Amino acid sequence: MSYDLVIKNGLVILEGGAVETDVAVKDGKIAAIGQDLEADKVVDAQGLIVSPGMFDAHVHITENGGGYRDEWEGYETGTAACAKGGVTSFLEMPLNQVPATVDGASLKNKIESGQGKLKVDVYSFGGLVPYTVDEGGIQELDEGGVHAFKCFMATCGDRSIEGDFMNVDDYSLYSGMKQIAKTGKVLAIHAENAAITDRLGEIARAEGKSTMTDYVNTRPVFTEVEPIRRAILLAKETGCKIHICHVACKEGVEEVIKARAEGVDVTCETTVHNLYFTTDELDAIGPVAKCSPPIRGKEQQDGIWEYVLSRDVLTAISDHSPCTPDLKDKENAFDAWGGISGVQNNVDVLFDEAVQKREMPLEDFADMIAAAPAKRFGLFEEKGSLSVGKDADIVLIKPNAPYTQTAENLEYRNKISPYIGREIGAQVAATYVRGHEVYSQENGVTEEFVGEFK
């Protein structure tokens, strides 16, 4: 049989472990895995790791910007950064687009805005917000094909912008969970106690506090743990599958582990930046590293790593949430936008930190970045592993190859990131989406838009 592409001589991460073998692609699918395979195009991966492409379950793209956020991250630049960073598909959050993706019309608007602009594949979250929970928004989103739902228990959105996202109150969370349970899909939850964190922030401002450390101190660990417990209780009551987003404290993971043991269908993720940075670095870095939940101290980071390595944390995600530079360039950290640009540095940072520095087995690495999130969100039939019949989403990783990240190397529309100036110990050598080369170190990011809305 003649194949379209064969990747030869690499160390290939299969579901049962890593082996030196060849991977053949035909019509966008993995067609064969074995020795002595031939094709029209052959890529020599000698010395490289051949991994499933990353499925990032938490990415924010801001297109359509609605006239308010038009200069934030769009599909062209956001998906180019994914390609360069080894992310072959992602679940897109229902904010910060304007209008937010909260019903059938806004889902259609989002997809139309991105047609012909995707370099990788995109799956959609639908938003659970108070203003559509009793108006059929969840049903419209489900019928429109969203793959999961998302809500905020922390304060979010700009009330001066019509159609912007909005955090749930307890009733809309409960009512929304009952409706989402009927769809069989997962509700992802940003779990922070809005009343306490908002008030602590107001007090800190009044006292003249302004540093990144001051900001972290207004979002203590218990303000994550309490809403996680509340969400779990409501999940028990409603039967809704839930996923706790970007957990930044070990106690939060422990609540999830305990609930799973009691039969609750709950998982959690953490972020790449929480696995990489710690609080004591933040004042030097500045608001470019501001996010919520915040980047916590070394003890918390070590605790999260323990649960990542044990695979109790489902996945590590970028929570790529960019804005324009003026919204980060603030003297007072409390005035800055809370979001980190990071999707281009998912795979290289995670490979370096998890595999090279902490000896995570390669099959666990592939599970963390691809298989586990694909399974959780119902996409494992087509994504998540290097298996015959699945989409040929592949990333080639060059191990033990340090480089320093620069602003010029970033594909983002606004070239700001806390990873600038950092030495990272591995490199993405090439990325393939359904067999199409979307990035290589030799050719750069492709000019073609081969990605699809799924």
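## Cavities, pocket and cores at a glance

Two cavities of 30 Å³ or more are found in the structure. A cavity here is a set of points, on a 1 Å grid over the protein atoms alone, where a 1.4 Å probe fits but cannot get out. Grid points are joined across faces, edges and corners, and a volume is the space filled by probe spheres set on the points. This is a predicted model, in which local features need pLDDT of at least 70 and side-chain atom pairs count only at pLDDT 80 or more, while totals for chains, interfaces and linings use all residues. Residues are numbered from 1 along each chain as its sequence is written, and side-chain values use heavy atoms, with hydrogens and water left out.

**Cavities**

- The largest cavity has a volume of about 70 Å³, and 13 residues line it, with Gly53, Thr88, Lys383, Gly384 and Asp393 nearest its centre; lining residues have an atom within 4 Å of a point.
- Strand E6 (54-59) and strand E7 (87-92) are the elements that give two or more residues to the lining of the largest cavity; helices (H or I, at least four residues) and strands (E, at least two) are DSSP runs, numbered from the N terminus.
- That lining divides into five nonpolar, five polar and three charged residues, where Ala, Val, Leu, Ile, Met, Phe, Trp, Tyr, Cys and Pro count as nonpolar, Asp, Glu, Lys and Arg as charged, and the others, Gly among them, as polar.
- The second largest cavity holds about 40 Å³ of space, and its lining is made up of Ala248, Asn274, Phe277, Arg296, Gly297, Gln300, Gln301 and Ile304.
- Helix H11 (residues 298-309) provides the largest share of the lining of the second largest cavity, three residues.

**The largest pocket**

- A pocket is an open set of points with protein on both sides within 12 Å along at least five of seven lines, and the largest pocket has a volume of about 920 Å³.
- Its lining has 37 residues, of which Thr155, Cys156, Ala336, Trp337 and Gly338 lie nearest the centre.
- Strand E9 (148-152) and helix H5 (194-206) each supply at least two residues of this lining, and H5 gives the most, with five.
- By type, the pocket lining divides into 12 nonpolar, 14 polar and 11 charged residues.

**A hairpin**

- Strands E2 (residues 17-26) and E3 (residues 29-34) run antiparallel and are joined by five bridges; two strands pair if DSSP finds at least two bridges between them.
- Valine 23 has isoleucine 33 in E3 as its bridge partner.
- Two residues lie between the strands of this hairpin, where aspartate 27 takes a positive phi near 55°.

**Helix H12**

- Helix H12 (residues 346-356) is largely enclosed by the rest of the structure, because 10 of its 11 residues are buried, that is, under 20% relative accessible area.
- Valine 355 lies in H12 and is buried, with a relative accessible area of 14%.
- Beyond its neighbours within four places in sequence, valine 355 is in contact (heavy atoms within 4.5 Å) with Leu350, Met360, Leu362 and Phe365.

**Nonpolar cores**

- The largest nonpolar core has 95 residues, of which Leu187, Ile189, Ile242, Ile244 and Phe365 touch the most other members; such a core is a set of buried Ala, Val, Leu, Ile, Met, Phe, Trp, Tyr and Cys residues joined through side-chain atoms within 4.5 Å.
- Another core, of 22 residues, lies apart from the largest one, with Ala57, Met93, Tyr123 and Ile317 among its members.

Conventions: Buried < 20%, exposed > 50% of the residue type's maximum accessible area, 1.4 Å probe, protein only.
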